[in-house]
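Thanks for coming, everyone. Let me put the structure up on the screen, and then I'll walk you through it.

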Amino acid sequence: MQLHTQMAVNRISDQIWEIPVTEKPGMLVPARIYATEKILTSMDSGVFEQVTNVACLPGIRRYALCMPDGHWGYGFPIGGVAAFDRETGVISPGGVGYDINCGMRLIRTDLTLADVAPRLERLMTELFRRVPAGVGSKGFVRADRREFDEVMRKGARWCIERGYGWRHDLERIEEHGCIPGADPSKVSDYAVERGINQLGTLGSGNHYLEVQVAADDRIFDKPTAAALGITGRDQIMVMVHCGSRGFGHQVASDYLKVFEKAMRRYGIAVKDQQLACAPFRSPEGQDYFAAMNCAANSAFANRQVITHQIREAFSAVFDQPAESLGMDIVYDVAHNIAKIERYTEGELVVHRKGSTRAFGPGRPELPEIYRHTGQPVICGGSMETGSYVLVGTDQAMQDTFGSTMHGSGRTMSRAQAKRSIRGEQLQKQMAQRGIIVKAVSMSGLAEEAGFAYKNISDVVETVDTAGITKKVAELRPIGNIKG
Amino acid sequence: MTSTFRFLEDIALADSAFEARGDTPSELFTAAAQAVIETMVDPQTVAPTLTKSITRHDRSLEELLFDWLADIVYLKDAEGLVFRDADCSVTNDRTSGEWHLQGTLTGEPIDPARHDLRADVKAITKHRYEVRQGDSGWIATVVMDI
């Protein structure tokens, strides 16, 4: 087996590989990678280097983990999971990522492909008009600084109070769309200025809004799917992938600078400047956590405003209120975040960067409607292939700090993707396959071509077989909006 | 005068990186700013209708460049601006040891109908970030999060 590393990588099972602590000076725990042999051999050298760097951070517990969609990131690999002791461990902005609470939201409908197909072009035009995307796009919501402070504190709840959503939306969002402990005084004016006009916007890069189909033959667990509101029969679903926009990006940038200096004060040496961290209990650690929660809540609000706009667009095109179209949220879950969670080791600061929380059945954090199914996990594939809905398991609670994959993971550089295809050409090819794409940037579209990503089905099979999440349904795209 | 940049492919799979060069720090900063500008928009589609002036100082040339590039990202989000050109003068105060930057960015408010928009830069990062003086002038390596 030819790997992109010289380190010893031992097989624990067909889906779990371990790098022992002897492979790098300073490793406090082993590193574990979830992957099939095929996926492991395709992983870039950054994954092995970075996951073992994470294993050196103070207070880390059990393992530094990487999911099968893992690839090189800043400091932590994308797909990284690491849990640190709340009292003696660290918190690291590099373990969360620049796009704080980048996440996925899935909305169901009662509509079928037969209902939507004749109006798909109009629907995508309407969605493209109502959900701004691309460089520097601004949303329709106007908030002054006082109101934006409320967005930071209340997250999606602020939107519901303003009429951008339904009250029962909140139970279908991780943490009910509002993480406690957000403190706007820990956020710079610079960060607020970058984000205050961006509520309800997608951004660019790999962010998107997608109209999808749930076909009967792609539902793998019908009772669980039904509990999630996924009925099949070519049902129309809407998926959103975006985060905290310029606001969250600036919070991350601000605190990376703070932590660079703090590390010297606390005598912490790291193997990569982007792994800057501080003791969780230090003033700097607490300030970052409070600011990060502000950004996380703003991301929940962002996706909530987008949901409102999606409902408005469907309502306009189908000439019915969104309520009568059955447009409930299935779930909204973050994949770039640090949270306090309790495991056998006690209270831990669990970092997930390009990794999704996947709590198993019975956890009190889950809403009543999903307590018996396990938490819905939403994983977006490339815009050309498909996406998956899964549910969390007890196995994830035991093995991966209740965590799993988040998407398919890139394998090709943006420049190489652009050299391989032009945006206009890709848009045409996808139209021929029945997928309407509306994009602000044609070069940005080319960068997101399906061939630039791993096959999401291989990634999903890995986590399903490993038992850390169980697949429920695959969703096929028919319309996509990109920045 | 040599003030150039080229995008690098091998550094950041999911993101974007570049190497900028200049005979002087001023030329280096101008080239690096142009690389950030061109990551976000085709500058040929942007009209020079307004100018933003930026003054900064720092004891570290690395930090000064970092903040100057971060200003372009900030202005994109906070003021909704994209740019066509950058120009700047970077000088060293021998008494205090501080570096001083006086820069201008020329462009206009974002208009998706006219501008060929590219990637929305989230942040300038410290990954492999480097500013150095070589035999042939000043060189910087910068990775941007996309």
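I'll take the two chains in turn and finish with the contact between them.

A word of caution to begin. This is a predicted model. Please keep that in mind throughout.

Chain A comes first. Its secondary structure comes to 15 helices and 19 strands. Along the principal axes, the C-alpha atoms of chain A fill a box of roughly 60 × 55 × 45 Å. How does the radius of gyration fit a compact globule? For 483 residues, a compact globule would be near 23 Å, and chain A has 21 Å, which agrees. Of those 483 residues, 62% are buried. Take the contacts in chain A between residues at least 6 apart: 76% of them join residues at least 24 apart.

Now the sheets. One open sheet in chain A has seven strands, in the order E1-E2-E3-E4-E5-E13-E12, and the pairing is mixed. Which strands stand at the edges? They are strand E1, residues 10-11, and strand E12, residues 336-343, of chain A. Each has a single partner strand, so one side of each is left without a neighbour in the sheet. For E12(A), the pairing is with strand E13, residues 346-353 of chain A. These two are antiparallel, over eight bridges. One pair to look at: Ile337(A) has Arg352(A) in E13(A) as its bridge partner.

Next, strand E16 of chain A, residues 387-392. Buried or exposed? Mostly covered: six of its six residues are buried. E16(A) has antiparallel pairings with two strands, so let me take them one by one. Strand E15 of chain A, residues 376-379, is joined to E16(A) by four bridges, antiparallel. There, Val377(A) has Leu390(A) as its bridge partner. Strand E19 of chain A, residues 469-482, is joined to E16(A) by six bridges, again antiparallel. In that pairing, Val391(A) stands opposite Lys470(A).

Now helix H4 of chain A, residues 120-130. Which of its residues are buried? Leu123(A), Met124(A), Leu127(A), Phe128(A) and Arg130(A) are. What covers them? The cover includes helix H3 (113-116), strand E8 (208-214), helix H10 (283-318), strand E18 (436-439) and E19 of chain A.

Follow the chain on from H4(A). In the loop between H4 and helix H5 (145-154) of chain A sits Arg142(A). Arg142(A) counts as exposed, because there are 10 C-beta neighbours inside 10 Å. Arg142(A) is also 57 residues from Leu199(A) in sequence, yet the C-alpha to C-alpha distance is 8.4 Å.

Two backbone points in chain A. Asn101(A) has a positive phi, near 55 degrees, and is not a glycine. Asn101(A) lies in the loop between strand E6 (90-91) and strand E7 (103-112) of chain A. With 30 other C-beta atoms within 10 Å, Asn101(A) is buried. Arg233(A) also has a positive phi, about 55 degrees, without being a glycine. Its place is the loop between helix H8 (222-227) and strand E9 (235-242) of chain A. But Arg233(A) counts as exposed, with 12 C-beta neighbours inside 10 Å.

On to chain B. There are two helices and eight strands. Along the sequence, the pattern is β-β-α-β-α-β-β-β-β-β. The radius of gyration is 15 Å, close to the 15 Å that the globule rule gives for 146 residues, so chain B is as compact as a globular protein of that length. The C-alpha box of chain B is roughly 50 × 35 × 25 Å along the principal axes. Buried residues make up 51% of the chain. Among contacts in chain B with a separation of 6 or more, 67% come from residues 24 or more positions apart.

Last, the contact between the chains. Chain A gives 34 residues and chain B gives 27. On the chain A side, helices H7 (189-195), H9 (245-266), H12 (414-420) and H14 (442-447) of chain A each supply at least two residues. The largest share, five residues, comes from H9(A). What classes make up the chain A side? Nine residues are nonpolar, 18 are polar and seven are charged.

That's the tour. I'll take comments now.

Key
Residues are numbered from 1 along each chain as its sequence is written. Chains are lettered from A and ligands numbered from 1 in the order in which they are written. This is a predicted model: local features need pLDDT of at least 70, side-chain atom pairs count only at pLDDT 80 or more; totals for chains, interfaces and linings use all residues. Two residues are in contact if their C-beta atoms, placed from the backbone, lie within 7 Å. Ala, Val, Leu, Ile, Met, Phe, Trp, Tyr, Cys and Pro count as nonpolar, Asp, Glu, Lys and Arg as charged, and the others, Gly among them, as polar. The radius of gyration is taken over C-alpha atoms; the globule rule is 2.2 Å times the number of residues to the power 0.38. A residue is buried if 20 or more other C-beta atoms lie within 10 Å of its own, exposed if 12 or fewer, and partly exposed in between; C-beta atoms are placed from the backbone. Two strands pair if DSSP finds at least two bridges between them.
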